[in-house]
Amino acid sequence: MSSASLNPHGQPVTRRLVLARNADRDASELIGLARGVMADGAINQSEAEYLLRWLEERPESLQVWPLSVLFERLRDALEDGHLDADEEADLLGLLLDYTGGGTLARGENTSASRQSSTLPLCHPAPVIEFDDCHFVLTGKFITGTRAECEAEIIERGGHTQSNPTRKTCFVVIGNLGSTDWAQSSYGRKIQKAVELRADGNDIAIISEKHWASYLGA
């Protein structure tokens, strides 16, 4: 494989990665739009319809995470022509996660800020390597299904495990996972990773957002 087909991290450059680079501008602009929409701590029907139209005008970017996910969720929410309270809450949470969280105008804490203070993530977040590294995925992922996320790891030379062991390099927590990790079923994987880390094992606990940033590096 020639050097021209590798990215700076030594990983294969695929069409998906090229599209991710081309979508950077759209992703940055969408963050600004989303923050403007959420300035009052809510998202109404007209705002959701505007974001959907904005995404529809950028079909190439819809192939790239997380714009693809935002598009699907907006389209599903507006399919019946009405944005109900549950759909608004779901979209608001997704937009908050996409923009990095913060505090709503109404004074509520965001799910992202609650999660960062509850989950035992590594600070600072480590550099991620895939080749011959073992990954455990836990929680629900914005990036895709469990099988799709595992395929991304395997494609880059990594290995996946069902549960953390001494071989595990990274435990990745899905952005849609419950913040009450200690009481959840997937929380047992996190607890095991914490115990292994406390015993001196070199295991990193990271967020999906950090992990996904290396898919399009």
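Start with the largest nonpolar core, which has 26 residues, and pick out Ile43 and Leu55, the ones with the most contacts inside it. (A nonpolar core is a set of buried Ala, Val, Leu, Ile, Met, Phe, Trp, Tyr and Cys residues joined through side-chain atoms within 4.5 Å; buried means under 20% relative accessible area, exposed over 50%, and partly exposed in between, with a 1.4 Å probe and protein chains only.) Now colour helices H2 (24-37), H3 (45-56), H4 (67-77) and H5 (85-99): each gives this core at least two residues. H4 supplies the largest share, six residues. (Helices are DSSP runs of H or I, at least four residues, numbered from the N terminus.)

A quick word on what you're looking at: this is a predicted model, where local features need pLDDT of at least 70 and side-chain atom pairs count only at pLDDT 80 or more, while totals for chains, interfaces and linings use all residues. Residues are numbered from 1 along each chain as its sequence is written, and side-chain values use heavy atoms, leaving out hydrogens and water.

Next, zoom in on Ile43. Skipping neighbours within four places in sequence, Ile43 is in contact (heavy atoms within 4.5 Å) with residues including Val37, Leu51, Leu83 and Leu95. Then jump to a second, separate core of 17 residues, with Phe135 and Ile206 among them.

Now select His210, in helix H9 (residues 208-213). Is His210 buried or exposed? It counts as buried, because its relative accessibility is 17%. Look for the backbone oxygen of Pro126, 2.6 Å from a polar atom of the His210 side chain.

Last stop: just after H7, Gly157 takes a positive phi of about 90°.

Methods:
Polar contact = N/O pair within 3.5 Å; in protein donor to acceptor, adjacent residues only side chain to side chain.
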